[in-house]
Amino acid sequence: MVFVAVGAGLGYLWRILDEYEYSLPDQVLSVYLAPAVEGWLPLLFTKEAATPGLFETPADKAGFIRELLSKDQLVYQRSKGKFGDGREIYLFKSGGETLATMTLQKILSGRFGHWEAANVELHLPIYGDLRVIAPTDALVRINGASPPESSVAEEGLPYPALSNLPPEIGAWPTQREYRISGLYKKPEVLAEGFDGNLLEVKWHEENGENWAAVSPTGAPPEEEKVREMALADAKLYSMYTSRDTTFAALSKRLLRQSHIYASLRNMETIFYTDHTRVAFADGQTSNFRKFSPSCMAIDVDYVYCVYRDKREYRFPTASTFIYWKTGKGWLIADIILR
Amino acid sequence: MKKQKLEHAGKSISERVWYRIFICFSTLLFVPCAALYCGLAVISYGPSPAARDLFVVSMLETSALKFLPRIFWGPDAIRAIVEANAVAPPEGVSDTELIQVTPPEDMEEEIIIEDVKGYTFRGKMMIVADPSRLMVGISHNSFSKELRGLTVSEIISRHGGVGGVNAGGFADENGKGDGSVPLGIVISEGALKWGKKSAVYDIIGFDKENRLIVGKMTGKQALDMGVRDAVSFGPVLILNGTPMEVKGFGGGLNPRTAIGQRADGAVLLLVIDGRQPNSLGGAMSDVIDLMAQYGAVNAANLDGGSSTVMYRDGELINVCCSLYGPRDIPTALVVRNKADE
């Protein structure tokens with residue numbers, strides 16, 4: 001009988017220990033440890049993505065989570081939580097980075113009670129928000145999807161290079177800004193110009209801000225014709241500044257309504273009036289941009305040489321020529337000295 | 001023949017009586033021991049690894065029962081359990097710039113005592129507004145194996161204090177130490193009373209600006225920093241506002257004594273009762289939680305177990321777990337009288 005009593009006592013102790021083990025927070029927390037990644041998905045979709053996003057699917061987000069959790073072992077540790085009010089806070093960490101904060105609530109049941117997850121805050125190192133600035137008429141796709149109108153944050157943004165153009169000429173090309181928030185990974189941003197060509201996307205990711213600038217770029221065949229025209233215009237403009245040609249000759253290349261027309265007409269061009277000859281050297285073009293069917297720009301860099309008293313005076317020049325298409329062809333709408 | 005029969009019968013009766021006495025005695029002795037052993041085996045190999053860990057670290061923290069875990073596990077297994085339930089060591093020492101001691105004229109009530117409670121314990125928190133009143137009281141002007149330690153009450157009286165708690169550790173093999181010789185370093189009223197200037201210690205003390213200093217340093221470094229009173233123990237629980245990372249339970253359930261300091265300079269003295277039916281004891285994570293709750297910027301664990309006592313105005317205000325009453329110890333943290341008293 002004594003041995004039976006001892007045996008019964010040991011059995012009762014076993015049961016108490018079993019209940020104690022079940023009452024520990026680890027019973028709840030261990031569900032969310034890798035490789036049990038699936039434990040995270042209900043949390044994720046409950047808190048972050050109840051419905052699939054436009055740019056990222058639930059599978060994309062799950063893949064991000066899996067990739068994140070596969071880098072280092074996922075561990076949890078008790079945080080300095082409030083004491084004595086039945087709550088405890090745990091941090092889930094991977095590679096030293098906190099991925100989630102979980103609040104557990106003690107439920108009084110049985111001998112020791114048990115814990116339940118009361119609240120979860122995810123601190124996933126997601127990519128975050130993105131601003132995309134693109135030509136208004138460009139077809140933008142983010143991860144293959146077109147951003148909805150609701151994501152347009154600003155309209156009619158002018159191009160800095162075109163800010164000096166007269167508005168009465170026509171509808172100048174503008175840009176629009178899209179704002180997308182809550183992206184898990186850096187997306188693929190593609191943009192198609194009005195002419196169906198793929199536009200260049202430049203990324204800027206600094207100080208926690210991400211934005212992509214879509215630049216209008218040119219089609220190579222047209223760029224060659226524009227290149228020759230721009231070099232000839234640059235030479236003509238330079239010769240005007242040294243009075244080696246008349247305003248009448250230059251004005252044929254200028255858009256009459258433009259500010260550059262009025263500025264050049266009234267410009268003092270008396271320097272180096274006494275010189276024997278001039279030369280236009282090292283002419284190069286770059287950064288061709290087609291903003292719209294009737295507006296384009298090209299950078300022209302060259303050295304203008306003026307010879308006087310057997311001496312050569314070199315004037316390296318970096319300029320941008322803005323062109324507007326009229327019935328008479330492409331005319332210079334602005335010249336920017338960079 | 002009849003006589004022989006009677007003699008044989010007499011011998012059988014007496015033998016049977018002695019036999020039964022022997023069986024009863026053996027049963028009374030053997031069964032409880034066997035039951036205890038089996039109970040410990042159930043804890044060790046049963047359904048709760050957490051209970052096992054708690055048992056191991058709790059026993060290892062005692063002086064007299066350290067041998068119990070070794071009955072069931074080897075040194076490697078015990079080491080693994082200890083490492084899985086430890087407090088991470090601090091990096092660096094306390095930053096004194098974080099403490100701005102409140103001027104005496106702006107101090108609130110001098111000494112406040114509050115009850116604290118947790119899932120497995122109860123205890124007391126003493127808040128001393130003026131940190132300059134704290135000092136390390138010692139049992140004798142010089143320590144020696146021939147000089148037995150004093151109780152905390154006696155040390156407090158020796159220094160004219162109004163309250164205090166036990167402080168640093170001491171040699172206590174099998175729980176039979178007499179508190180004669182401290183462990184680590186002892187600095188009291190600016191003088192090195194025990195330890196070497198060249199050795200590295202876990203310092204818990206106060207500098208001349210009455211700021212709590214915790215961390216590892218040599219005796220010389222401590223004195224050069226201006227530490228006026230210090231003992232050795234640990235671990236550091238909160239350093240420069242950051243609680244130390246705790247693995248598992250961070251220690252077993254035992255009586256605890258701890259010290260902390262708030263940003264306004266007020267000193268926190270904590271005792272947690274343990275080894276009693278209504279207060280099993282606290283783990284390090286419990287001490288960290290309490291110290292953080294009371295706003296400690298820096299905090300460290302002091303000696304605990306049967307040494308844990310707190311006095312106020314000559315009265316023991318917690319429940320000492322030792323059946324023999326408060327122990328003889330070499331050092332105590334004494335709360336002195338106010339300067340103008």
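Trainee: What makes up the secondary structure of chain B?
Mentor: Seven helices and 17 strands. Both are DSSP runs, numbered from the N terminus: helices are H or I with at least four residues, strands are E with at least two. This is a predicted model, where local features need pLDDT of at least 70, side-chain atom pairs count only at pLDDT 80 or more, and totals for chains, interfaces and linings use all residues. Residues are numbered from 1 along each chain as its sequence is written, and chains are lettered from A and ligands numbered from 1 in the order in which they are written.

Trainee: How many residues of chain A are in contact with chain B?
Mentor: 16, and they meet 23 residues of chain B. Contact means C-beta atoms, placed from the backbone, within 7 Å. H1(A) gives the largest share of chain A's side, ten residues.

Trainee: What makes a set of residues a nonpolar core?
Mentor: Its members are buried Ala, Val, Leu, Ile, Met, Phe, Trp, Tyr and Cys residues, joined through C-beta atoms within 7 Å. Buried means 20 or more other C-beta atoms within 10 Å of a residue's own; exposed means 12 or fewer, partly exposed in between, with C-beta atoms placed from the backbone. The largest core has 85 residues, and Leu237(B), Ile259(B) and Met291(B) have the most contacts inside it.

Trainee: Why is this core said to lie between domain 1 and domain 2 of chain B?
Mentor: Domain 1 (2–83) and domain 2 (96–336) both give residues to it, so it lies between them. The domain bounds come from an automatic or database assignment.

Trainee: Which residues does Ile259(B) contact, leaving aside neighbours within four places in sequence?
Mentor: Among them are Ile204(B), Leu212(B) and Leu333(B).

Technical notes
Two residues are in contact if their C-beta atoms, placed from the backbone, lie within 7 Å.
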